[in-house]
Amino acid sequence: MQTITIADAKNHIDEEVKIGVWLTDKRSSGKIAFLQLRDGTAFFQGVVVKNVVSPETFELAKKLRQEASFYVTGTIHQDDRSHFGYEIEISDIELIGDSEDFPITPKEHGIEFLLDHRHLWLRSRRPFAIMKIRNEIIDATYRFFRQEGFIKMDPPILTGTAPEGTTELFETDYFDNPAYLSQSGQLYMEAGALAYGKVFSFGPTFRAEKSKTRRHLTEFWMIEPEMAFMHQEESLQIQERYVAYLVQAVLDNCRYELQLLDRDPAILERYTKLPYPRISYDEAIKMCQAGGFDIQWGDDFGSPEETYISDQFEQPVFVLNYPKTIKPFYMKEAQDRDDVYICADLLAPEGYGEIIGGSERAIDYEQMKAKMQSQGMNLEDYDWYLDLRKYGSVPHAGFGMGLERAITWICHLDHLREAIPFPRMINRLRP
Ligand code: 4AD
Ligand code: MG
């Protein structure tokens, strides 16, 4: 007899198989027990009929506790009433590990309780579906960039630089000198692009965000592509192709998970159509003003404004060319005006706001040096970065996508904390 996984049940209809499972819930009467089972690949139902199995097996089935682990032996049948489509008619049960009272019961729990028990909550249907979709997005990221001719390059996590400003740095002691946990690999990825053409990174990113919002984690995962011999327009095209590719991958490979999350695939289909609309920062400001927001040219958008702007579109929308005063030093200045950079944020629809930030990069050595000096940056920390403008500087552009922002949007979650296995936020370092 073959040992299989639940996900593989569809290939074994009417066959006798063995599966290692945990119990998520059960119902029983005098004659029949319905066991809700999971094995990490899917959830399905096991049926134990009293007069078909041995008396010991039926007694065991009735006594099993939530999250007990065991092997079931039985026959796979089609079951059109369930999400999953199949069930197992159990002939034998072999207990592996009994369970104490499991803290997460099928009833509703508060979010703090669930987060305190994240190590166990991960086993539930909803986290299961989100983590599978997260995995698909990661996998699709590697596929997409490979197919576009990129190589993956890993920037350091311990750094001496602060590409996105000094206010949100996690500082640590590095043999009596300060070091910072990476808040973006971008500066290193620029070195990579000038060495290998098209590179992307995928790694943990740290920001000491002191605000509690549904869009901010202190530790998140970012994908940062960087491309040599490339201007902003071509970078925008890669960004929209990438995002559409991710959505398509989830549609193709995660139907069951979308169903568990009650996420309508028809809505996601909309996001696979290209191109995505583009508006300027200037237009976005006017849009917010017309919508009743108290905002002036030069202000950055907060979450409410981003939500409002993205709500005006059926697809993700690029907001182009922000004022220089609210974006980092490394961006390239626009040619036709001196108050904005050549940059863009991609705002996700359904009110999710920014998922990507990117720009064309400034490439002139003297200008870059002067700007760094005027911003009070310590040139010694950045001399290596300036070198990139000294030896064969070329137009280049790149962007960063927050993985959890993309997941939160694609899965239609309320908060980023559900998009990462063990969220780190201002008040949470455990489990
Ligand atoms: O817009 P950001 O700050 O851009 C950069 O870091 C650039 N260096 C990227 C680049 O051009 N290589 O961050 C990029 C993305 C945001 O659009 C957002 O999706 C995500 O990172 N992000 C966060 N995600 C979760 N929690 C936070 N605290 C985040 N801060 C940024
Ligand atoms: Mg940004």
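P431 lies in the segment after α13, where helices and strands are DSSP runs numbered from the N terminus, helices being runs of H or I of at least four residues and strands runs of E of at least two. The peptide bond from R430 to P431 is cis, with omega near 0 degrees. The model described here is predicted, so that local features need pLDDT of at least 70 and side-chain atom pairs count only at pLDDT 80 or more, while totals for chains, interfaces and linings use all residues. Residues are numbered from 1 along each chain as its sequence is written, and chains are lettered from A and ligands numbered from 1 in the order in which they are written.

**The chain as a whole**

The chain holds 13 helices and 17 strands, and its C-alpha atoms fill a box of roughly 85 × 50 × 40 Å, taken along the principal axes. Of its 431 residues, 37% count as buried; a residue is buried if 20 or more other C-beta atoms lie within 10 Å of its own, exposed if 12 or fewer, and partly exposed in between, with C-beta atoms placed from the backbone. Among the contacts with a separation of 6 or more, 66% are made by residues 24 or more positions apart, two residues being in contact if their C-beta atoms, placed from the backbone, lie within 7 Å.

**The surroundings of ligand 1**

Ligand 1 is surrounded by 24 residues, of which the closest are S184, F220, G357, G400 and G402; a residue is counted as near the ligand if its C-beta atom, placed from the backbone, lies within 6 Å of it. The elements that give two or more residues to this shell are β12 (219–228), β16 (353–360), β17 (396–402) and α13 (403–411). Divided by class, the shell has nine nonpolar, eight polar and seven charged residues, where Ala, Val, Leu, Ile, Met, Phe, Trp, Tyr, Cys and Pro count as nonpolar, Asp, Glu, Lys and Arg as charged, and the others, Gly among them, as polar.

**Helix packing**

Helix α13, which gives residues to the ligand shell, also packs against α4 (residues 125–147), and the axes of α4 and α13 come within 10 Å and cross at roughly 125 degrees. Axes here are lines fitted to C-alpha atoms, for helices over the stretch in contact, and angles run from 0 to 180 degrees between N-to-C directions. The two helices α4 and α13 are therefore oblique to each other, given that angles under 35 degrees count as roughly parallel, over 145 as roughly antiparallel, 65 to 115 as roughly perpendicular and the rest as oblique. On the α4 side the contact involves I130, I133, R134 and I137, which meet L403, A406, I407, I410 and C411 in α13. The residues of this contact of α4 with α13 divide into eight nonpolar, no polar and one charged.

A second pair is formed by α9 and α10, which pack at an angle of about 100 degrees with their axes 10 Å apart, and that makes α9 roughly perpendicular to α10. A284, M287 and C288 of α9 make the contact with E305, Y308 and I309 of α10, and these residues divide into five nonpolar, no polar and one charged. Within α10 (residues 303–311), the buried residues are E305, E306, Y308, I309 and S310. What covers these buried residues of α10 includes α9 (281–290), β14 (317–320), β15 (343–348) and β16.

**Backbone details**

Most residues other than glycine have a negative phi, and most peptide bonds are trans. A cis peptide bond joins L274 and P275, with omega about 0 degrees, and P275 is found in the loop between α8 (265–269) and β13 (278–280).

| Residue | Phi | Place | Exposure |

**Residue E171**

E171 lies in strand β9 (residues 171–174) and is exposed, with 12 other C-beta atoms within 10 Å. Leaving aside its neighbours within four places in sequence, E171 is in contact with P178 and Y180. E171 and A208, which are 37 residues apart in sequence, lie 9.4 Å apart in space, C-alpha to C-alpha.
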